[in-house]
Amino acid sequence: MKKDALTKEELLNEEQMNGKINMFAKVTILPGETLEHHEHHGETETYYILSGAGMYDDDGAEIPAKPGDVFFCRDGHGHGITSTGEEPLVFMALIIRS
């Protein structure tokens with residue numbers, strides 16, 4: 001991924017997350033860019049798609065992503081996402097510790 005292809009706006013600080021949440025952020029990925037497949041251990045991650053279009057990688061299965069879609073990555077599993085539309089892909093990301 002090229003520099004500045006992904007931006008992350010953290011919405012809660014450490015105190016607000018209270019040791020239970022690892023991240024709550026608004027993520028933007030430029031068209032044609034990919035947040036590479038990665039695994040979660042000791043935590044789960046949820047994506048809520050706000051705008052744009054993408055392809056969600058759910059443990060290797062590709063699923064089209066559009067506004068309003070929710071994707072949940074369970075502890076011990078992996079995921080990623082690619083921005084496939086003409087506009088940036090924007091989504092909320094929530095990582096909760098197990």
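Helices (H or I, at least four residues) and strands (E, at least two) are DSSP runs, numbered from the N terminus. A quick note before the views: this is a predicted model, where local features need pLDDT of at least 70, side-chain atom pairs count only at pLDDT 80 or more, and totals for chains, interfaces and linings use all residues. Residues are numbered from 1 along each chain as its sequence is written, and side-chain values use heavy atoms, with hydrogens and water left out.

**View 1. The five-stranded sheet.** Here, five strands make an open sheet in the order S1-S2-S9-S4-S7, with antiparallel pairing. Strands S1 (6-10) and S7 (70-73) are the edge strands, each pairing on one side only. From one strand to the next, the twist averages 20° (axes are lines fitted to C-alpha atoms, for helices over the stretch in contact, and angles run from 0 to 180 degrees between N-to-C directions). Two strands count as paired if DSSP finds at least two bridges between them. In general, strands of a sheet pair through backbone hydrogen bonds, either parallel or antiparallel.

**View 2. Strand S4 and its two partners.** Zoom in on S4, which covers residues 43-51 and holds Tyr48. With S9, S4 pairs in the antiparallel sense over eight bridges, and Tyr48 sits opposite Met92 of that strand. With S7, S4 also pairs in the antiparallel sense, over four bridges. Look for Thr46 with its bridge partner Phe72 in S7, and for Tyr47 with Phe71 in S7.

**View 3. A nonpolar patch around Tyr48.** Tyr48, Leu50 and Val70 make a nonpolar surface patch of about 260 Å². Patches are built from residues with over 30% relative accessible area and no salt bridge; like charges are joined within 9 Å, and nonpolar side chains (Val, Leu, Ile, Met, Phe, Trp, Tyr) within 5 Å. A salt bridge is a side-chain nitrogen of Lys or Arg within 4 Å of a carboxyl oxygen of Asp or Glu. The accessible areas come from the Shrake-Rupley method with a 1.4 Å probe, and for residues only the protein chains shown count as cover. Tyr48 counts as partly exposed because its relative accessibility is 37%; buried means under 20% relative accessible area, exposed over 50%, and partly exposed in between (1.4 Å probe, protein chains only).

**View 4. Leu89 and its surroundings.** Leu89 belongs to strand S9 (residues 89-97). With a relative accessible area of 0%, Leu89 is buried. Setting aside neighbours within four places in sequence, the residues in contact with Leu89 include Val27, Ile29, Ile49, Gly54 and Ile81 (contact means heavy atoms within 4.5 Å). Asn18 is another story: its C-alpha atom is 29 Å from that of Leu89, and the two residues are 71 apart along the chain.

View 5. S5 and S8 (residues 78-83) pair in the antiparallel sense over five bridges. Gly54 stands opposite Ala65 in S6 and opposite Ser83 in S8.
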